[in-house]
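Trainee: Could we go through this structure together? I would like to begin with the aromatic rings.

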Amino acid sequence: MAASPRSDIVNPHEIGVYHCWTRCVRRTRLCGVDPLTGKDFSYRRDWIISFQQECATLFAIELAFHAILANHNHNIIRNRPDIAATWTPEEVVRRWLTITHLVKSKDGKPQEFTEEDIAAEMSDPERVEELRVRLADPSVYMASINEHIARRCNREDGVTGHFWEGRFECRNLVDEAAILVCGIYVDLNQIRAGEATTPENSQYTSAYCRIQAFQQQQQEASPTVAEADADAAAADAAVVANSNEPAATTAQLADAWLCELTLDESSNGDTAYDLQSKSGLRPSDRGILPISFTKYLELLDATGRVVLEKKGSIPSHLAPILERLGINTELWGEMVQDFDTMFGKVVGAAATVAERAAATGRRWFQGQPNCRAAFG
């Protein structure tokens, strides 16, 4: 892949969607079984998930898709400088101090900071605005995750030095077609790597989280007779007791911290749910793709079968999903299977990629011919 300055790809001042990935440098693996010693480091995947969940409440960055494998980590994120712009100076500083303490923590829990620390940061308005930009910067987000995991793993292994091969890799997904292809690519990563056979057992992927949440919602929507009777009895007891306690809340969904999948196409981007999440577990409740979860799951499952068998095509009833976004259905399997080699630093409609190249003073970006073939 041709070298490009990170500034040609990432702009923290504008909303963008980025595919970011990083690979472990050591043979001992990031989160898998060491083939030489037999030691299983799979529990480290929980460290990453936990840290990403914390980051979702602190950064103005939304995690849309992710996959954690034995020796590398994939993330598709959307930065939201528009959300960071709504935060007060004190909120900006508190978020930043929490992140910096969290990165250096030994157990993934942030150390406390003082009011004096907050006052010191807020004394310089220019510093506050610099921190506001950082809170929506994909580079800062990825660096924070990588530094925290490297510190914890090095400490556990009793070593120093590089844990990751280098700075994380990144590509810009400039439209919904590119986001859909890359999202499916990331969610099927464990299947391609032989770590799982279906999306349902691809643990530590965004698909797994969304499937778990979908099953939770189905169970809540269709309670058993026994559950219904128990709920009725509980309600009667509450009336008799005339309790002033608030009603019990629904259990937190497994994907509540991830970016909402389905985009409300009627939204203009500045409604309440676009700029703030009801739960506070993520920056906003704005979706990222014009597709329902059930259709996404059908497409993911069908594509997974194509990837496993390395032949075939998606069912005809799913083709309109791709055609609507201008995706070449004949190349779909190849795009998902070979996404990393087919495309470069900027992915999407060829005209848009060409405009981005011209804006950065380049004649082209690697993968432009494939963008022309893949995206109508």
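Trainee: How many aromatic pairs does the structure hold?

Mentor: The structure holds nine aromatic pairs. Rings of Phe, Tyr and Trp (its six-membered ring) pair if their centres lie within 6.5 Å; planes under 30 degrees apart count as stacked, over 60 as edge-to-face and the rest as tilted. Please note that this is a predicted model, in which local features need pLDDT of at least 70, side-chain atom pairs count only at pLDDT 80 or more, and totals for chains, interfaces and linings use all residues. Residues are numbered from 1 along each chain as its sequence is written, and side-chain values use heavy atoms, with hydrogens and water left out.

Trainee: What kind of pair do Y43 and W47 form?

Mentor: Y43 and W47 form an edge-to-face pair, 5.7 Å centre to centre with 70° between the planes.

Trainee: Is W47 buried or exposed?

Mentor: W47 is buried, with a relative accessible area of 15%. Buried means under 20% relative accessible area, exposed over 50%, and partly exposed in between (1.4 Å probe, protein chains only). Y43, at 30%, is partly exposed.

Trainee: And why is the pair of F65 and Y296 tilted?

Mentor: Their ring centres are 5.9 Å apart and the planes lie at 40°, so the pair is tilted. The pair links distant parts of the chain, 231 residues apart: F65 is in strand β2 (residues 61-68) and Y296 in helix α13 (residues 293-309). Helices (H or I, at least four residues) and strands (E, at least two) are DSSP runs, numbered from the N terminus. F65 is buried at 0% relative accessible area, and Y296 counts as buried at 1%.

Trainee: Which residues have the most contacts inside the largest nonpolar core?

Mentor: They are F65, L180, W332, M335 and F375, in a core of 102 residues. Helix α8 (residues 176-187) gives the most to this core, with nine residues. A nonpolar core is a set of buried Ala, Val, Leu, Ile, Met, Phe, Trp, Tyr and Cys residues joined through side-chain atoms within 4.5 Å.

Trainee: Which residues form the aromatic cluster?

Mentor: Y185, F339, F343 and F375 form one aromatic cluster.

Trainee: Back to W47: what lies over its face?

Mentor: R152 lies there, at 4.1 Å from the ring centre. A charge sits over a ring if NZ of Lys or CZ of Arg is within 6 Å of the ring centre and within 35 degrees of the ring normal. The charged end of R6 sits over the ring of F168, 4.2 Å from its centre.
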